[in-house]
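Reader: Please show me the structure, and then let us examine it through questions and answers.

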Number of protein chains: 2
Amino acid sequence: MAQLSRESLHASVADPVLETISFLNEVMSRHPQAVSFAPGAPHPSFVRTLDGHRYVQRYLDHLADTEGLGRERAQLLLGEYGPSRGLINGLVAAALGQDLGTEVPPQALVVTVGAQEAMFLVLRALFRSPSDLLAVTDPSFPGITGAARLLDIGVVPVPERGDGLDLDRLEAACEQARRQDRRIRLCYVAPDFANPSGSRMDLAARHRLLELAERADFLLLEDNVYGFTAAPGAELPALKSLDHGGRVVHVGSFAKICFPGARAGFVLADQEVRAADGTTRLLADEIAALKSMVTVNTSPWSQALVGGMLLEHGGSLRTLGAEKSRLYRRNLALLTDALDRHVGASPPPGVHWNRPDGGFFVRMTLPVPADAALLEVSAAKYGVLWTPMAGFHLDDTGDRVLRLSCSYLDPEQIETGVRRLAAFLRNELGS
Amino acid sequence: MAQLSRESLHASVADPVLETISFLNEVMSRHPQAVSFAPGAPHPSFVRTLDGHRYVQRYLDHLADTEGLGRERAQLLLGEYGPSRGLINGLVAAALGQDLGTEVPPQALVVTVGAQEAMFLVLRALFRSPSDLLAVTDPSFPGITGAARLLDIGVVPVPERGDGLDLDRLEAACEQARRQDRRIRLCYVAPDFANPSGSRMDLAARHRLLELAERADFLLLEDNVYGFTAAPGAELPALKSLDHGGRVVHVGSFAKICFPGARAGFVLADQEVRAADGTTRLLADEIAALKSMVTVNTSPWSQALVGGMLLEHGGSLRTLGAEKSRLYRRNLALLTDALDRHVGASPPPGVHWNRPDGGFFVRMTLPVPADAALLEVSAAKYGVLWTPMAGFHLDDTGDRVLRLSCSYLDPEQIETGVRRLAAFLRNELGS
């Protein structure tokens with residue numbers, strides 16, 4: 001039997017985050033009674049009550065009647081191959097246009113297998129030469145650094161503070177790249193409640209980032225997955241809404257706002273691409289072409305599930321997200337409140353955490369490494385689980401950081417979990 | 001508005017096959033009355049009658065009752081994120097094991113977003129260094145060359161004859177690579193009724209290919225998408241069934257045997273991978289890890305559709321494929337018979353075609369370029385469409401070749417189409 005050495009495989013197979021996740025799953029399966037602040041997944045109540053058949057039927061009705069295709073043609077569209085760019089682009093464009101407050105042309109959208117494929121395709125389209133670099137917030141969502149690793153794209157970490165990306169450091173990184181005959185081609189940023197930092201950029205910072213992108217000639221990859229969790233009245237415009245220079249490629253996910261099992265997301269890429277012969281097309285066209293070599297097209301069944309859900313909510317992402325946003329804001333408030341009550345009164349020295357205004361996550365810093373060994377103690381002796389953040393950081397500043405997610409839990413689990421966490425912190429770090 | 005030059009994007013955005021396909025779609029939309037031998041898609045009758053809801057329910061019942069998860073947990077599995085390697089691996093492993101005549105461990109399978117993602121991930125996992133080369137049959141399914149282009153993998157074309165890959169040329173290519181300090185790492189081959197050549201390797205050739213892979217130390221990527229169209233009794237064992245040296249990574253699609261809209265396929269990669277620390281895992285584990293950076297997981301809804309269809313057909317891919325295989329064999333016989341009747345009696349000089357025993361396609365060679373201009377004439381004056389093959393070839397030998405697909409048509413369309421094609425050949429090439 002031929003045996004392969006791991007060193008002969010592409011370097012991306014050895015990803016520390018994947019090892020963290022499989023370790024976490026393994027710990028969770030050994031401690032089923034533990035309260036787990038690990039999963040960043042949508043709350044199960046939104047999935048348990050899902051009537052997928054109804055959504056598919058609703059989308060079929062829309063195709064058959066509203067779009068005038070008739071029942072048979074509609075049924076074929078769901079079962080056959082479809083265009084790489086997607087089927088539900090018109091519905092998504094209308095909904096996204098409402099959210100962004102700008103007109104979104106359907107042909108500037110590609111419906112993808114989740115936001116992950118969207119990010120992957122954007123990287124593939126935009127990175128041609130090894131001298132092109134990707135700037136990412138540090139810490140960062142592992143999906144973006146993983147996709148870059150898969151494509152051998154050089155990554156430049158830019159620290160993220162409570163109010164988002166450090167713009168001075170980003171500008172310095174652009175300068176440094178230029179001195180080395182390289183350039184920052186694209187900068188990944190999640191301006192609203194980033195995973196895992198929870199940080200949020202204010203309006204002025206968003207404008208400054210766009211100005212910097214213009215001045216230093218790079219593009220922005222905006223990940224807007226958690227934008228819908230902002231409190232009503234406290235929403236800030238997406239970078240794409242402020243983007244007059246065509247600097248922003250905007251990706252989104254339907255996992256949180258619809259449900260993860262649809263595996264659908266999208267990318268809005270309205271930049272114009274000019275070929276040597278003078279013809280132009282949209283960046284979305286190029287991304288759709290690349291998609292045909294990765295997944296061909298997003299399952300039309302998945303798209304029907306999302307399309308039907310959108311139609312049942314008046315074609316509005318905001319309406320779809322509103323109920324979910326309420327639950328996540330409640331949970332986040334319960335989590336930070338419980339931390340204040342149970343840990344905050346007398347936290348062990350060196351223990352501190354942030355209090356984000358939205359998103360799914362709280363980050364906590366410990367005075368000791370938040371590693372697998374400590375997690376094992378936390379699970380076995382205290383019955384509480386969290387995610388070690390080392391894999392989310394590009395240097396070692398995450399070694400003492402853990403992430404608490406509130407999204408998958410019910411109020412009493414949050415209360416019990418924080419009580420257990422407080423005991424863990426008190427007994428294991430308190431002396 | 002920032003404008004991007006196409007030259008600044010990754011080179012894979014300019015794919016000649018994609019341009020052929022969009023041109024074809026455009027011609028088809030301008031000539032809706034033409035008979036089109038272009039689409040290689042499954043016959044619409046298999047999609048029109050599809051009861052997706054029933055299949056999803058069937059799979060839910062299976063999870064809830066047979067696997068004992070209960071209704072609520074089953075519903076959650078369908079709606080939530082799932083493991084990168086897939087949910088229905090047990091069902092697929094059992095079905096594939098029957099087909100291959102070997103035991104297939106579920107953990108050696110990854111369920112992918114179609115065979116396309118499977119091929120893409122296999123390439124990514126196996127190609128680390130620019131000195132590693134991919135050998136492909138020439139002509140070749142554009143999905144494999146497209147995926148290689150996306151990953152900047154060097155491709156070595158190996159001519160395909162009526163009985164499959166030219167093994168002497170493949171061996172010579174291995175030698176040549178070695179002389180240049182490079183190596184053939186992987187060879188793509190579709191041994192049964194390859195798209196577009198229709199060629200099939202006999203049993204002796206399969207054994208010789210496996211021996212060569214052993215001797216020259218490369219792996220085989222077996223694409224088995226059309227294997228199910230073999231006539232009953234005329235099936236040949238897949239390369240994977242004959243693979244005692246662990247040389248074969250086997251990919252398959254559910255698009256043809258179930259339906260394309262599920263967008264599901266799989267890869268069987270049971271090779272052992274040894275890390276520097278002596279631990280081992282399967283190549284499928286590495287592929288699943290890479291998948292988490294491309295699409296995270298295949299939609300569990302899609303997997304439920306496929307899983308339910310498998311369950312309704314006794315868990316057998318062969319049973320699922322049998323009815324479909326009958327239709328495609330009938331259509332292929334009608335197509336070759338009509339060609340014999342309408343063209344064969346007095347074909348214009350230089351016109352010839354093959355008569356494959358299975359698959360969806362007949363290849364026809366013309367004495368003149370089978371290009372966009374000629375297709376336009378064929379569509380406008382004669383009402384018949386076909387696919388120019390230039391983009392499926394790695395050199396210019398495909399410039400005079402067209403492909404006729406029988407899979408999407410009904411008997412009377414095939415008869416009418418060939419009659420029109422005969423007139424086109426007679427009038428446009430006959431003098």
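**The two copies and selected local features**

Author: Of the residues of chain B, B:His53 has the C-alpha that comes closest to the rotation axis, at 3.1 Å. This is a predicted model, in which local features need pLDDT of at least 70, side-chain atom pairs count only at pLDDT 80 or more, and totals for chains, interfaces and linings use all residues. Residues are numbered from 1 along each chain as its sequence is written, while chains are lettered from A and ligands numbered from 1 in the order in which they are written.

Reader: What rotation superposes chain B on chain A?

Author: Copies are superposed by least squares on the C-alpha atoms of residues with pLDDT of at least 70 in both. The RMSD is 0.0 Å and the shift along the axis is 0.0 Å, for a rotation of 180°.

Reader: How are the two copies thus related?

Author: The same surface serves both copies, as 100% of the contact residues of chain B recur in chain A; two residues are in contact if their C-beta atoms, placed from the backbone, lie within 7 Å. The copies are thus related as by a two-fold rotation axis.

Reader: What is the strand order in the open sheet of four strands in chain B?

Author: Strands (E, at least two residues) and helices (H or I, at least four) are DSSP runs, numbered from the N terminus. Two strands pair if DSSP finds at least two bridges between them. The pairing in this sheet is antiparallel, and the order is E13-E14-E17-E16.

Reader: Which strands of chain B stand at the edges of the sheet?

Author: Each edge strand has a single partner strand, so one side of each is left without a neighbour in the sheet. These strands of chain B are E13 (352-353) and E16 (387-388).

Reader: Which residue is the bridge partner of B:Pro388 in E17(B)?

Author: E16(B) and strand E17 (residues 401-405) of chain B pair in the antiparallel sense over two bridges. The partner of B:Pro388 is B:Leu402.

Reader: Is A:Arg263 buried or exposed?

Author: A:Arg263 lies in the loop between strand E9 (248-253) and strand E10 (265-268) of chain A, and has a positive phi of about 45° although it is not a glycine. A residue is buried if 20 or more other C-beta atoms lie within 10 Å of its own, exposed if 12 or fewer, and partly exposed in between, with C-beta atoms placed from the backbone. With 32 other C-beta atoms within 10 Å, A:Arg263 is buried.
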